Structures are given as C-alpha cells and as structure tokens.
Amino acid sequence: MESDSNLEEYADPVLYDLENREFEPDGSFFLTLARQVGGPVLELGCGTGRLTIPIAGDGISITGLDVVPLMLEHAKRKAQGTTIDWIEADVRTFSLAKRFQMIFESGSVFQHMLTLEDQQAFLQRVYQHLKSEGLFAFSVFFPQPDVLKDESEQHWFSYPNAQGQVVKVSGLQTYDPLRQVKVETAIRRWIGGDGLEIVHRAPLSLRFVFPQEIETLLHYNGFSVLERFGNWDRSPLTKSSNLMIYICKKR
C-alpha cells in the first residue's frame with residue numbers, strides 16, 4: 001500500500017482539521033446511508049473523526065479505524081462524551097471479531113492502495129467484516145485526463161494556522177501512466193516567529209482506477225454494485241464527473 005513516507009500528509013492532525021471541512025459534503029451522504037441500514041458501522045481511514053463523530057452523535061453505533069496513531073489520538077480528544085470504538089490498524093490486514101451492517105470510506109482511502117495486491121487485500125478485509133445483508137460504500141476520484149498529468153507548482157489556497165500565521169499552500173504533481181499513480185506534493189509556506197520562512201513538503205501517492213477496472217475488481221472480490229454516483233448529491237456518474245461513488249453488497 002504505502003510506506004511511512006506516504007503518510008506524511010497525515011502527520012499533523014490539527015493541520016488536517018484546519019485544511020479539511022468538517023462533515024460536509026460527504027458526511028450527509030454517509031449519515032443518510034447509515035440511518036437507512038442501521039449499525040454497527042465501520043469507517044476505514046477515519047482520520048480525526050471528521051465523519052465518525054457526527055454519525056455517532058446521531059445515535060448510530062460506529063467504529064473508526066485508522067493506521068495513523070496521532071490522528072486517532074486527536075479524534076479521541078474531539079469525541080469526548082461520545083461512544084465510539086477506535087481501532088489502530090492497517091486496512092489491508094485488520095481483523096476484528098465484530099461484523100458490520102455498513103462499512104465505508106471517504107477521502108479516497110482505496111486510492112492509497114498502490115498495487116493490485118493491496119487493492120485485493122483491502123476488498124477482502126471489507127468482505128470478511130461485512131454482514132451478509134450489509135452495504136459497502138466508498139469514493140475515488142474520477143480519472144479525468146486533465147488530472148492525470150505532470151504539473152508544475154501552483155497556488156492552492158491560504159489560511160491562518162493556530163498561531164495566526166498565514167499558511168500559503170501550493171502543490172505540484174507527477175503522473176506515472178504505467179502504474180496509474182499520481183504523486184501530489186503539497187508545499188506549505190509560512191513565516192516563523194524568527195521572521196524566517198518555513199517550507200514543508202509532503203508527498204502523497206494515489207493510484208487512479210477507471211470505472212470498468214474498479215467494477216471488475218469489485219466483482220472478482222465478491223461484490224455487486226447496487227448504485228454508483230458522480231457526486232455527493234447522488235447525481236449520475238458521467239464522463240465529466242470528478243468522483244466515482246459506489247454502494248455495494250456481497251454477491
């Protein structure tokens with residue numbers, strides 16, 4: 001899947017929360033689904049509990065699983081007073097005694113699986129932990145041609161950090177068409193207390209999959225596709241979509 005270096009983007013949970021919106025727009029999608037099927041629910045790659053905590057707050061039994069200890073520690077602090085099972089484990093190898101009515105991931109966790117072996121290991125772990133009538137839901141980025149290319153550094157956005165310093169975030173990327181892997185490097189710059197510029201680089205590798213490819217993987221790992229969408233508003237998947245969102249069950 002990923003070496004430790006591919007987790008660098010998740011090394012600072014406070015920074016992660018500053019740069020990622022709480023709950024919306026994907027949270028409503030998964031909360032609605034969880035309400036329909038009921039618990040227990042398992043979120044893979046739960047991070048700081050951005051989705052886990054609100055779903056638990058709705059009274060749904062949920063477990064959050066992540067491989068990064070600092071993210072889980074931060075999630076636990078945020079979730080004080082809320083009943084959630086937190087599990088530190090790798091999505092390719094986790095083994096729990098519990099079976100789930102719904103398993104989901106957001107944030108393209110599946111795209112962190114950089115090899116076919118990792119993809120299959122991920123799907124088999126889901127299959128083994130999903131109840132016979134349960135649902136598996138996940139999202140990946142649609143492989144738009146204008147995304148799958150090399151790009152020089154471009155400014156993305158700016159924001160004030162916890163110390164009130166303005167952080168300027170830019171990024172560059174390379175794409176390997178043989179491996180279908182895009183390496184996106186986020187570059188953050190801010191002025192430290194001594195007046196000197198601080199520069200931090202964090203590369204992240206994501207493997208892109210095409211619609212027929214992912215649906216073949218799902219089929220041969222024991223899943224049937226119930227629904228697929230191109231956005232969190234449940235609009236159809238089209239050639240201009242930016243996302244591929246799947247709801248599956250066991251075959």
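Domain bounds here come from an automatic or database domain assignment. I looked those up first: the protein chain splits into domain 1 (8–142 + 209–250) and domain 2 (145–207).

I noted the ground rules next. The model is predicted, so I kept in mind that local features need pLDDT of at least 70 and side-chain atom pairs count only at pLDDT 80 or more, while totals for chains, interfaces and linings use all residues. Residues are numbered from 1 along each chain as its sequence is written, and side-chain values use heavy atoms, with hydrogens and water left out.

**Entry: the two domains**

I checked the spacing. Taken over C-alpha atoms, the centres of domain 1 and domain 2 are 24 Å apart. I then looked up contacts, meaning heavy atoms within 4.5 Å. On that basis, 18 residues of domain 1 touch 19 residues of domain 2.

The size of an interface is often given as the accessible area lost when the parts come together. Buried area is the accessible area (1.4 Å probe) that two parts lose on being put together, summed over both. I found about 1,500 Å² buried between domain 1 and domain 2, with carbon and sulfur atoms giving 55%. On the domain 1 side, Glu-8, Glu-9 and Leu-114 lose the most area to domain 2, together 35% of what that side buries.

**Entry: salt bridges and the domain 1 side**

I looked for salt bridges (a side-chain nitrogen of Lys or Arg within 4 Å of a carboxyl oxygen of Asp or Glu). Three link domain 1 and domain 2. I also found the side chains of Arg-188 and Glu-19 in a salt bridge, at 2.8 Å from N to O.

Helices (H or I, at least four residues) and strands (E, at least two) are DSSP runs, numbered from the N terminus. Of the side of domain 1 that touches domain 2, α1 (13–19) and α5 (116–129) each supply at least two residues. The largest share, three residues, comes from α1.

**Entry: two residues**

Which residues does Asp-26 contact, leaving aside its neighbours within four places in sequence? I found Arg-50, Leu-51, Ser-106 and Trp-232. Asp-26 lies in helix α2 (residues 26–37). Buried means under 20% relative accessible area, exposed over 50%, partly exposed in between (1.4 Å probe, protein chains only). Asp-26 counts as buried because its relative accessibility is 5%.

I turned to Glu-151, in strand β6 (residues 151–160). Glu-151 is at 26% relative accessibility, so Glu-151 counts as partly exposed. Not counting residues up to four places away in sequence, Glu-151 touches Asp-146, Leu-172 and Gln-173. Gly-134 is 17 residues from Glu-151 in sequence and 41 Å away in space, C-alpha to C-alpha.
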